[in-house]
Amino acid sequence: MTNTAPHNLYADVSLALKNGRAQLIDKLLAGKAPDFLDDNARLIDDYFRQRYEKSTVGPQMDIAKNPYAVVALGGYGRAEQCVYSDVDLLFLFEKKVPRVAEDLVREIVYPLWDMGLDVGHATRSIKECVTLARKDFEVLTSILDARFICGMSPLFMKLMDQIRAKFINLKPDTIISWLVETNRERHRRFGDSSYLLEPNFKEGQGGLRDYHTMLWIAKIKSGIKQRRDLEYYGYFSHDDFTRLSDALAFIWNVRNRFHLMMNRKCDQIHLEQQRKLAEVMGVKAVNGHLPVEHLLGELHGHMEYVKQQHEMFLYEMEQKKRLKRKNKGLKTTQIKGLKFNRGMLNFISPEKILNNPRLLIDIFTESAAQRAPLNSEAKRLVKDFSHLVDDAFRRDPTVVQQFERILIRSLRAFEVLNQMLYTGFLARFIPEFKSVVNRIQFDQYHLYPVARHLLYTVKILRGFDTDAGAEADPLAHNLYKELKKKKVLLWAALLHDIGKGEPKSGHSERGAVLVEKILLEKGAGPVDAKTVAFLVEHHLLLVLTATRRDVNDEETAITMARVIKKVEVLKMLYLLTVADSMATGPKAWNDWTSSLLRNLFLKVLNILENGELASGWAVRTVEKKRQAVIAAMGTDIEENRLESILNFMSPRYMLYTQAGNIPKHLRLFAEIGDRPFVWQIEKSQDADTRTVTICAKDRPGLISRIAGVFTLNNIDILDVQVFTWRNNIALDVFEVTPPPDPIFENERWKRACRNLEEALAGQLDLGKELLRKKNDATSIRPYTAERPTVITVDNTASSFFTIVEVVTFDFPGLLFRVTDALFKCGLDIWVAKIATKVDQVVDVFYVRDFDGQKVDAPQQVAAVKAAIKDILPGEDPIHS
């Protein structure tokens, strides 16, 4: 009986915790657990206290000679215990840690592990704790959050007193500086979660760590004990503290519900999880926004508040340090009706705003000029009096000039625009902006909601004017410097996605109409208004053309030049395209996209400055290249034979292949002999890509087999140029991503080479091999199902080729399937472009039939569409 009684008791204690947590979680799901974090922590506290009281190991430790205490650390120490948050414990001993402490840990902690709780523990003496806190500030912050649970409470007090006396009071500024810098580094790593479509509740800017940092600094400076003390010690006003508590409560609630949905600790909510989370939380659609948009909009709003409070907290602290260090007064303002409070701008009184509504723009103008933020009260007053921003205010020339001065000249344009957005001023000043605030785009392409994306586009454009911008992108820097009307470009940047307020296609055209109306109402000249509208309507023109059309086809550049017409407009459109792509995210902007876009821009610029390309130019270009190649080859190939080989080359190959590459291709041709193909792999200089040049004996389906082999080896194709010489030699140039494992890249290429040899010899069934790969065509992420597949066969954009465009969901083997289907339709592929459109892929092929003709008969077009449809999974595609 004596052996089983403690065991039964422990089982009862564990069962009580398990049942208590289950009941508490049920209340949370029913919306009846407003104090869930604290209640959850107290349940765990009760478990530890009961274990301590009935411990069989404790009496063996001679607690009178070497007392110990059980201490909560971190989030558990703050009593902010989410469903699957870690339970961090310290077994604190006065002197050294006895060996039997391991048995104590086993007795107390192991049952919690069995229950699925993630428990972290340390056993240390007071001396060890103080020493570690001095060496590792992360240990210090966990101790700052420490809370006594059970054991000898004087021991806990002794630890806290020594930590403060021997370290915190001696180096408070050093510790605070480390906290601030650590936070900045964390923001750089995790991004601004008050903007991001996939926010990180904890680590991102506006997340819980921002609140923790404020709490730790207040504990260091003032010795506060709990969150409530932030108000009592004057760090927050009553209203600000109430709003902060509301924001934290919302974030914690979403985090808890997300933990339960995922059945584990998880702090970043990904796109594919967001709709389900909104559903399980019972969020309803509001004002035309989907439930998930409403949920994320509210979450972003609360995280933005935490972010702003954190920024003001640090700004005010820095202002006090500056005042003390320089012995100078704080900033002052000459604007009547405004004042500075501890380095931040505020209104003198609400009455001043009623008597002079212009103060609502004056405070932002002064914020930009003085590089000072608005304080919390000022932001609240802007919100409260935003109704004064009426039609007369919006059209007031002086007000418009002030807004444009911030947009064009202020180094703090992004920060000030962000304050305008947060306070609602921006949506009042430009009413059309309201429809894109918190408008979410559910794809893997955009990082930010629409309104935030627009502000980031402005920020990136303004960055081109800096030294950092010159170093990052010299072309964009020079073009921005040359612009005569930067105002036009920046208005276009701020409004280029304004048409996305309606969740349907055609946002560019819809936005162009809205933008022209907005600019004319604000007093812009008709020419400038139409230019901004043109930029908005065509802001995707260059990037879509560069990634989906053959840039080397002179018709592509000529078509662009005829649409754009003016050099100044081309420069603005290029800058807007670059900034828009960069603000969208890394899937929209990378070295490969950059090089394609730059290449197209320079070709169109050349046409606009020097006139359209002419056949005479083409003849001269080909002849000049022939002579350059003959000179470069020297004695590698005797001149008569070289002339003969050059005659086999197609005019298109000679026209669009760089002169420096032709000798390399000739040397590759000299190696082929009886082999089916030879290839050369080169690292690109300005991008993390590989150029694979394949010289092969031409045969039907060659491109399809190459595509299949690349897919089999996890090599993504970005672009393909296909040239067929008159001696039945195919010279195909692929731009691809490198194999996924850089250490074994050479081995991967050797394996791919063997695969291609086997495929061409009929020894490898690529179709079957690709079906064996994981995540084949049937695995489509649920939220992509709203985007239909589109198959287009275009016989108008090119004089010599039919252009087949397939927009569909990406999956391993897609390119192989499509190219194989085109081959079976009797089509030769001359150019292939592979681009990403949101969460879909766009495959574009320039094709002709085996007789060299376009595919323009209605029955041919229908057959091509049907063949592609048959190899694609999912719903019926849209044909155009």
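This is a predicted model: local features need pLDDT of at least 70, side-chain atom pairs count only at pLDDT 80 or more; totals for chains, interfaces and linings use all residues.

Trainee: Which residues is T657 in contact with, once its neighbours within four places in sequence are left aside?

Mentor: The contacts of T657 are then K625, I662, H665 and F723. Two of these names return in α34, where the buried residues are I662, P663, H665, L666, L668, F669 and I672. Just after α34 comes G673, which takes a positive phi of about 50°.

Trainee: What makes W113 partly exposed?

Mentor: W113 has a relative accessibility of 38%, and partly exposed is the class between the limit of 20% for buried and that of 50% for exposed, so W113 belongs in this middle class. W113 lies in helix α4, and apart from neighbours within four places in sequence it is in contact with V119 and H121.

Trainee: Why are β3 and β4 said to stand at the edges of their sheet?

Mentor: Four strands form this open sheet, in the order β3-β2-β1-β4, and the pairing is mixed. β3 (119–125) and β4 (147–151) each have a single partner strand, so one side of each is left without a neighbour in the sheet, and that is what standing at the edge refers to. From one strand to the next, the twist averages 25°.

Trainee: How do you know that β1 and β2 are a pair, and in which sense do they run?

Mentor: Two strands count as a pair if there are at least two bridges between them, and strand β1 (residues 68–73) is joined to strand β2 (residues 87–93) by six bridges, in the antiparallel sense. As an example of how they line up, V71 stands opposite L90 in β2.

Trainee: Which helices lie against these strands?

Mentor: Helix α2 (residues 36–53) packs on the sheet and touches β1, β2 and β4, with a direction that makes about 25° with that of β4. Helix α4 (residues 101–114) lies across β1, β2 and β3, and runs at about 165° to β3.

Trainee: Why is α11 described as roughly perpendicular to α12?

Mentor: Helix α11 (residues 238–262) and helix α12 (residues 271–280) pack at an angle of about 110°, their axes being 10 Å apart. Roughly perpendicular covers 65 to 115 degrees, so the angle of about 110° places α11 roughly perpendicular to α12. In this contact V254, R257, F258, M261 and M262 in α11 meet Q273, K276, L277 and V280 in α12, and by class there are six nonpolar, one polar and two charged residues.

Trainee: Which residues meet where α21 and α29 pack?

Mentor: From α21 there are H453, Y456, T457, I460 and L461, and they meet L575, L576, A579, D580, M582, A583 and T584 in α29. By class, this contact has eight nonpolar, three polar and one charged residues.

Trainee: Where is E555 found, and what does it touch?

Mentor: E555 is in helix α28 (residues 554–564), and, not counting residues up to four places away in sequence, E555 touches A797, S798, S799 and F800.

Trainee: How many helices and strands are there in the protein, and what share of its residues is buried?

Mentor: The protein has 39 helices and 15 strands, and buried residues make up 56% of its 880 residues.

Notes:
Residues are numbered from 1 along each chain as its sequence is written. Side-chain values use heavy atoms; hydrogens and water are left out. Contact means heavy atoms within 4.5 Å. Helices (H or I, at least four residues) and strands (E, at least two) are DSSP runs, numbered from the N terminus. Axes are lines fitted to C-alpha atoms, for helices over the stretch in contact, and angles run from 0 to 180 degrees between N-to-C directions. Ala, Val, Leu, Ile, Met, Phe, Trp, Tyr, Cys and Pro count as nonpolar, Asp, Glu, Lys and Arg as charged, and the others, Gly among them, as polar. Angles under 35 degrees count as roughly parallel, over 145 as roughly antiparallel, 65 to 115 as roughly perpendicular and the rest as oblique. Buried means under 20% relative accessible area, exposed over 50%, partly exposed in between (1.4 Å probe, protein chains only).
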